[in-house]
Amino acid sequence: MRPTTLIRLFTACLMVLGALFIFRGFLAQSQTTQTQTPQATPAPIYNPYPPGILPDDLNAEIARVLQEIAVIEGRAIQRWHNLPPPTLTGQPPILKDTGTEAVETLGELMQYDKNISPLRNIACASCHMPYVAFSGPIPSVNLTMIAYPGTVHFRAGKRQAQRYTYSPFFPVLQYNEEQGLFFGGNFWDSRATGYLLRNPDAHQSQGPPVDTQEMGFPDTACITFRLSHSVYRPLFQLVWGQGSFDINFPADTEQICATPGGAAVFHGDTTPVHLSPVDRTRSNDVYDRWAQSLDAYEQSVQVSAFSSKFDAFLAGNYTMTGPERAGYNLFRGKANCNSCHLDGRGTALTPGQSDNSKAAQVNPLFTCFGSANEGLPLNPRNAFYYQTTPDPYGFTPNPLGFGYRDLGLGTFLRSGFGTWASPNITWRQFAPLNDGMMQVSSARNVAMTPPRCPTTEAPGPYFQKQFFHNGYIKSLKQLVHFYNTRDKQGFAYNVTSGHCPDGTIEKVNCWPRPEVPNNIDMTTGDLGLTDQEENQIVAFLQTLTDGFTRPYPNRATFTGTCMSGGSASTQGNEFLIPTPPLPPCAPEVCDLPPRPSPSPIP
């Protein structure tokens with residue numbers, strides 16, 4: 001063998017050994033990096049709210065959730081360190097043996113990383129914690145301001161935090177011409193269509209990091225930049241390639257990325273990090289990998305577990321109690337829940353009819369993937385209505401104030417105010433038929449709470465959640481009662497929330513008028529259920545909570561306080577406030593063609 005060949009082989013061996021030492025050094029360094037991470041940046045407070053909209057304990061509760069996030073993040077880092085590295089092999093190349101766990105762990109690390117926000121003060125998990133099925137973790141927020149504070153305290157969005165669990169199973173948004181309905185997408189208004197990634201859940205995860213009301217970066221390149229400095233960069237490169245971060249970032253990138261999106265200094269520029277076309281493409285690729293990694297975590301058994309009592313029942317390993325079984329029969333019968341929240345069987349609506357067939361699907365998702373307008377009243381507690389003045393960065397979140405109406409899917413199809421642009425102009429014509437429609441979420445985990453607060457229902461001890469897109473409903477009892485009596489004679493009133501007539505109780509025998517009166521789902525509203533039957537349906541919904549057949553990861557991390565007392569029927573009513581006189585629907589919402597029909601939105 002020639003000397004030059006030996007030198008080349010020796011040099012190559014040294015390079016491989018050096019790379020191994022560097023990689024091991026990265027792992028060792030990452031064990032202490034949490035104490036070296038730049039601290040959250042102090043920022044001026046934005047508080048345009050009248051007294052009572054923000055809960056008194058908000059700052060303390062945000063700090064409590066951040067401490068819980070740190071605990072789970074530490075567990076995820078340890079999980080990564082304990083992971084035997086996969087072997088890249090074959091054609092097509094596969095990360096053999098531990099590739100699945102590697103990408104899922106990467107997504108988990110991203111979920112709990114508060115550096116993925118300009119001020120390094122919130123993570124994805126700030127609004128989506130595991131002990132409530134990855135929905136809102138602060139009871140007082142669920143009672144008051146509805147949407148969760150973003151990186152700028154206290155900007156907030158317009159809807160409650162939707163559960164992650166089982167969202168990865170929603171298909172790409174599609175219009176079904178035969179049914180005349182849209183199916184698929186993610187978010188309440190289905191705006192995360194998945195049109196490019198062909199994965200709505202991954203598409204969804206690209207929204208909050210650059211949403212001005214949430215994590216709030218001014219440029220998607222900021223996520224790439226922060227990932228390039230993350231403690232888990234070696235894992236990212238292991239999964240997605242060593243050259244992932246070969247990007248020449250400008251010297252002012254950190255300064256730009258530490259400034260929240262919407263700031264007047266950007267003059268509306270959505271790409272203030274000035275990259276070359278090649279580097280912008282690489283950065284976009286990294287942002288797609290961010291999305292795919294989070295989707296991998298959310299689709300894993302860490303999140304979407306199929307480990308409920310109902311799953312055990314389908315496997316023949318659990319016998320429902322009397323109330324649970326009665327509730328299940330009502331769910332797929334008299335109550336008609338199964339017409340939207342599909343359980344893998346038929347819906348037996350005729351009195352005396354029953355369905356005793358074997359389940360055709362043993363992993364039902366309890367959703368039809370569609371959308372519906374259930375006729376919820378406008379909720380004046382929603383923080384979004386009050387953000388009508390500029391914040392310290394010169395950004396006004398909602399110049400429409402109470403002129404805003406949440407038309408859901410209809411606004412998205414028009415590419416309207418407060419949503420994303422639609423990628424399909426042929427859908428716009430269907431907007432009037434979809435005004436007010438919100439995604440039919442999976443009923444799975446609707447009742448999940450921390451073990452120490454074992455229910456959503458008063459008198460408890462209970463964990464205060466919120467239900468539907470605008471958080472108007474505060475218990476599952478109220479939710480079922482709403483479906484049962486919304487249109488019952490003597491229960492529906494032409495008033496707004498907070499103005500029910502004397503002698504009535506809101507949410508008990510008074511339902512205010514819907515925010516969006518068009519396209520209301522009439523398959524529910526006057527079901528004729530008794531009080532006992534409502535309770536039985538609640539009992540059945542509680543069988544859909546994961547963690548029965550095996551522990552649900554990180555569900556016991558809640559360190560807050562349970563609530564107790566009162567009644568599930570009137571739960572949260574002490575926080576009702578009167579809706580102010582409403583201006584007409586703003587033209588930015590209701591005058592966008594094609595206009596709402598057959599009636600204008602008041």
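1. The buried residues of helix α13 are Leu476, Lys477, Gln478, Leu479, Val480, His481, Phe482, Tyr483, Asn484 and Thr485; buried means under 20% relative accessible area, exposed over 50%, and partly exposed in between, with a 1.4 Å probe and protein chains only. Helix α13 spans residues 476-485 and is mostly covered, with 10 of its 10 residues buried. Helices are DSSP runs (H or I, at least four residues), numbered from the N terminus.

2. This is a predicted model, in which local features need pLDDT of at least 70, side-chain atom pairs count only at pLDDT 80 or more, and totals for chains, interfaces and linings use all residues. Residues are numbered from 1 along each chain as its sequence is written, and side-chain values use heavy atoms, with hydrogens and water left out.

3. The buried residues of α13 pack against α14 (531-541). Contact means heavy atoms within 4.5 Å.

4. Helices α3 (residues 99-111) and α9 (residues 277-299) pack at about 100 degrees, their axes 7 Å apart. Therefore α3 is roughly perpendicular to α9 (65 to 115 degrees; under 35 is roughly parallel, over 145 roughly antiparallel, the rest oblique). Axes are lines fitted to C-alpha atoms, for helices over the stretch in contact, and angles run from 0 to 180 degrees between N-to-C directions.

5. On the α3 side, the contact is made by Val103, Glu104, Leu106, Gly107, Glu108, Met110 and Gln111; α9 contributes Trp290, Ser293, Leu294, Ala296 and Tyr297. By class, this contact of α3 with α9 has 7 nonpolar, 3 polar and 2 charged residues.

6. Asparagine 329 lies in helix α11 (residues 322-331) and is partly exposed, at 38% relative accessible area.

Key: Helix = DSSP H or I, 4+ residues; strand = E, 2+ residues; numbered from the N terminus. Nonpolar A, V, L, I, M, F, W, Y, C, P; charged D, E, K, R; others polar.
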